[in-house]
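Hi,

Here is the structure I promised to pass on. Please have it open as you read; my notes follow.

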Amino acid sequence: MGWHFRRLLAEEEAERKYPDRVLIAKLIKLALSYKLYFIALAIATFARIGLNVLMPYTVKFLVDSIVSGNLSSLAYWSVVFLALALGSLIMGFVNSYSSSYLGNKVMYDLRNEMYRHLHRVRLQEVAGEPVGKIVSRITNDVDTIGNVATSGLLDTIGDVITIGGAMLMMWSLSPQLSLVCYMLIPLMALANAAVISKARKAYRETRRKIAEVTSRISQDVAGASVVQAFSYRKRRNVEEFRRINEENMRANVQAAAITSSMSPLMAIIQAVGSAIILIYGGNLVLQGLLSLGTLMAFYGYLDMFFRPVRTLVMFFTTLQSTLAATERVFTFLEWEPERDEGEIEEPPMRGEVEFRNVTFGYEEGVPVLKNVSFKVRPGEFVAIVGPTGAGKTTLVNLLLRFYEPWSGEILVDGVDVRKYKLSALRGAILMVPQEPLLISGSVLDNVLLANPRATAEDVKRALKALGLEDIIESLPEGLETRVLEGGKNLSVGQRQVISFLRVFIANPKILVLDEATSSVDPYTEAKLQAALEKLARSRTTIVIAHRLQTVVNADRIIVLDGGRVVEEGRHEELLRKGGVYARLYGIQLGIAAR
Amino acid sequence: MAESYGRRLLAYVARHWRLAALTTASSLAATLATLVIPLYTRSAVNILVAGRLDQLLPYALMVVVFTVLQGVLGFATNFTSQYLAQRIIYDLRNDVYRHLQELSLGFYKRMDTGQLVARATSDIEVSSRFLRFAFSGFSGAVLTLIIALYMMFSISPILTMYALAPLPLIFLLVRRYAKHARAIFDRARAVYGEMTSHVTEVVSGLRVVRALNAFTFLWRRFIALNDEYLGLSLKAAKLRASTWPLVGFLSMLSTLIVLWAGGSMVVQGAMSIGDLVAMVLYVGMMTWPFIALGFFAVMYARSMAALSRVFELLDTEPEVKEAEDAVPLEVKRGEVELRDVWFSYDGKKWILKGVSFKVRPGEVVAIVGPAGSGKSTLVQLIPRFYDPQRGAVLIDGVDVKKVKLESLRRQVGIVHQDIYVFPDTIKNNIAYGKPNASMDEIVRAAKLAKLHDFIKSLPKGYDTPVGERGITLSGGQRQRLAIARTLLIDPKIIILDDSTSNVDAETERAIYEALTKHFRGKTIIVITQRPSTMKLADRIIVLDGGRVVEEGRHEELLRKGGVYARLYGMLAPKAEVV
């Protein structure tokens, strides 16, 4: 978590591809996506500002009526004041709610759009990027944008109007006194700018430091078994933590000093303002050039400068990081989607797979598969074996069309895979990966992943048919057991059962299984093996095999080495041959020559 | 309960009592400065109305002086209170961390990682933020309330009553807000967290997600989370919109009442204009104390809840405790003995039921058995991660309960089943148990664990960051990393708890060959499911249902036709064919 934060901070300072004005235009377009709310928000913002600017003006009349002893005028202006306050209350409500609504709606839509896009982009786009970085685009960056695209922009405009309105009103009350007061605005802006940019840096530092504290604690908690195993390191750990903790404290204290320094700065400006109004304005009052009410109104207007100047300065200091977030979101949406130009919408029904002279590599000039050809007949059970790096997984990547071959073609039911719609192709082929995909939710949720239409009853039937009931029953709440992140509360066997159930429920024509390398206890092993045989019965099955039983029982074994098919045949045939396969098999049994 | 936690927190404050006193003093002084300003303003206005310009200057000057003073004292209060809060956070967090290092493994197995981290971070912050508020904002607010009330009463009791009428509503509004907002924000944060982990799961498993055609299902889940988050955000928005503009309105209403009613009094000659101005200024100051009071009640409850979680953690006793008269262990021979060991995690279900066996010095022993037979539990008793309820674990004839934990763990190296990789470089991960190890030693350990070639293939080699901060290692690579980590400390007794299950068979064999060769003469205990590994052992101990059921060499056990033969005979069905 902590490190992730660090990366975000580094990115704030990274260089950008788009100029500011393009990004700002994009933000404005986003804000306009809910026109009605936007209009309501705009009206409420400006109305509220208008009312607020008028408020000190009525105070002037109130005070003047008091000084002149005019009770009916006092009553009149009191009612006006009350009306303005009520109006401001209503506008305040509309303003506050519609700006939240707009911001949240924009975030909601943007997130949905990005999530949908995530499911469509080419895997190559995602492959190069750390997971955390992609996730933060959909979460943190969207938050930043949502806030700024809506209320942020309007508030900024509103602040400008507030300051302008207040200046105008002051001018109409007393040009002389206003001119003197205007001089305070650049003073405030300067003071704010000095503090805010420093404070931002200081806060960034505190975030960095607390991230270190958090990450240190969480790694020691998550890695408690290691920490305990080497518990003699305790003193060192405590000392290391004390140092991190102290740095965090220092950073925070420094940030506190900077932000606190705002209050005397503002106080001095306020004092100067008060002094000007009292002494210079008082003078004017005495000379009869100004009423006492006007003097009071000036106090009110002076107050009106403080907040808007501050937020304006804040807006401009955070603008760059906002634009950086905007760019990250929009470049994400520009990632190229997978090509899906096929026209056949019916999934293949027979389950025949053929690789015809396929050559492919991930990097230019480095082929992983070299002119590979083989054919798997419908209903056949084929095992693919070979040393690490032989290209076994790449075969699967091509069959499912995650990548396109450099040359040659891949046919399913005699038709080039490019001619199927992706959904049709992938609907007919189901992959059981080496490490099953587990999402947080119940075990049942995980089983239904590939076919949400199935019911719990279907799953129970499948469990029975595959003879795997007892492995799931050993879970505390059976199918309803919650799966923790990455399935850490499930055994390897239990995870594999989930994968198998998915296949049974989705009932694909072709099953591609990348066997798990990790070993399970013999009982579970036997169960899984039996279940696999049942699964394979009514469909074409291609197994990237790591286990003896699978290989021994296969209809045919294809041996891959260095990107080529080097041997092919049944278990006994290949053993007799004494080639690559015989060597691999020997190692696994632990009977190779020592 | 809350009372005593509060008192314990105060003990932390007491360590910095000077700072606390300074904070309080400056907060009160700042409040006083603020409260004095209307008095001088009143005089200034009265002078203005009376038209005596020559007397205006000193009063105006006083307003300026006190305004600046208020600002400077405000700075002091803000700064000292934050400093105090940070000192307390620092102390508490050090104590929590130190305690976390003492707690036993069983505790960590029961607790959720996120919750534990929250106790050491946000819970501590919540309580100290409350302290900060209590020492600076709140004390000032209370003082403001008292003095402003007194001043207003002394100017005009009737007008004060009128002016104050709307203010208690502010208190109620704020309290309602704080209460509901907290519930909404807590839930929203949880949903946001779920959304983040969902997206993380999808991104990291994107290839498989595609292969499973799982979009329909996942989309439904994502949109449900996004919907809920939107709903909560809008609920919070409504709460906010119905609170703060109303608070502003009520505050303005008070001012208006003063102006109207007070204005009438001025016109009737019952009050001076200066008094009226002072009243307006005081009434403006009253809003904040009512807001503060509203927050205080909720913050107090919240911080006490957070505090109770922190102190609960600090009060948790470690289950495995070093004896007072513990002596350093010195493993000379490396003999391990379990003598009638009974163990249960929950006190109800026995995992080990009277296990006894002896591992001779320098012997390589494999422990096998079906899932749930108690293998992992058993080996964890040797470096004393848990204590058996009955029986004893002895190393070189000495009960492990009687030795210093540090010396025990320095000499008994264990590689667990689930591997943790620190978010650090490969080098630092391997050197975890021996931070001052030389590069040569680290490389040697990595070579023994058959990880060196892989590390060399990385552009940054041993300096490659791994874990959440860097590249993701495969299950097998993680296991080999953990093995290297343990081998580096050169323990006298090595325990491998199924720690090569994700390593392919060829590499696994190479690791064990290197291990037995390099550590000849050392005691090695291995839990495994693979026959190829079992064959390397001098002796195999078969565990079933928490008991030792068979013992012997691979061939002997197969011939015997018992549990072992039943379990592992079928693993290599056609072994004879070869």
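Domain bounds here come from an automatic or database domain assignment. This is a predicted model: local features need pLDDT of at least 70, side-chain atom pairs count only at pLDDT 80 or more, and totals for chains, interfaces and linings use all residues. Residues are numbered from 1 along each chain as its sequence is written, while chains are lettered from A and ligands numbered from 1 in the order in which they are written.

Domains first. Chain A is assigned domain 1 (17–173 + 314–338), domain 2 (175–289) and domain 3 (353–589). The centres of domain 1 and domain 2 of chain A, taken over C-alpha atoms, are 24 Å apart. Six residues of domain 1 and eight residues of domain 2 of chain A make the contact (C-beta atoms, placed from the backbone, within 7 Å). On the domain 1 side, helices H6 (131–173) and H12 (292–334) of chain A each supply at least two residues. Helices (H or I, at least four residues) and strands (E, at least two) are DSSP runs, numbered from the N terminus. H6(A) gives the largest share of that side, four residues. By class, that side of domain 1 of chain A has five nonpolar residues, one polar and no charged. Ala, Val, Leu, Ile, Met, Phe, Trp, Tyr, Cys and Pro count as nonpolar, Asp, Glu, Lys and Arg as charged, and the others, Gly among them, as polar.

Next, the sheet. Four strands of chain A form an open, antiparallel sheet, in the order S2-S1-S4-S5. Strands pair if DSSP finds at least two bridges between them. S2 (369–376) and S5 (415–416) of chain A are at the edges with a single partner strand each, so one side of each has no neighbour in the sheet. Five bridges link S1 (353–360) and S4 (407–412) of chain A. There, Thr359(A) sits opposite Ser407(A). Helix H13 (392–399) of chain A packs on the sheet and touches S1, S2 and S4 of chain A.

Now the two chains. 120 residues of chain A contact 125 residues of chain B. Helix H4 (71–118) of chain A gives the most to the chain A side, 19 residues. That side has 68 nonpolar, 41 polar and 11 charged residues.

Last, confidence. The model scores ipTM 0.85 and pTM 0.81. Chain B averages a pLDDT (the predictor's confidence in each residue, from 0 to 100) of 88, with 97% of the residues at 70 or above. Residues 571–578 of chain B fall below 50. Where pLDDT is low, the predicted coordinates should not be read in detail.

Best wishes

Key:
Contact = placed C-beta atoms within 7 Å. Axes fitted to C-alpha atoms, helices over the stretch in contact; angles between N-to-C directions.
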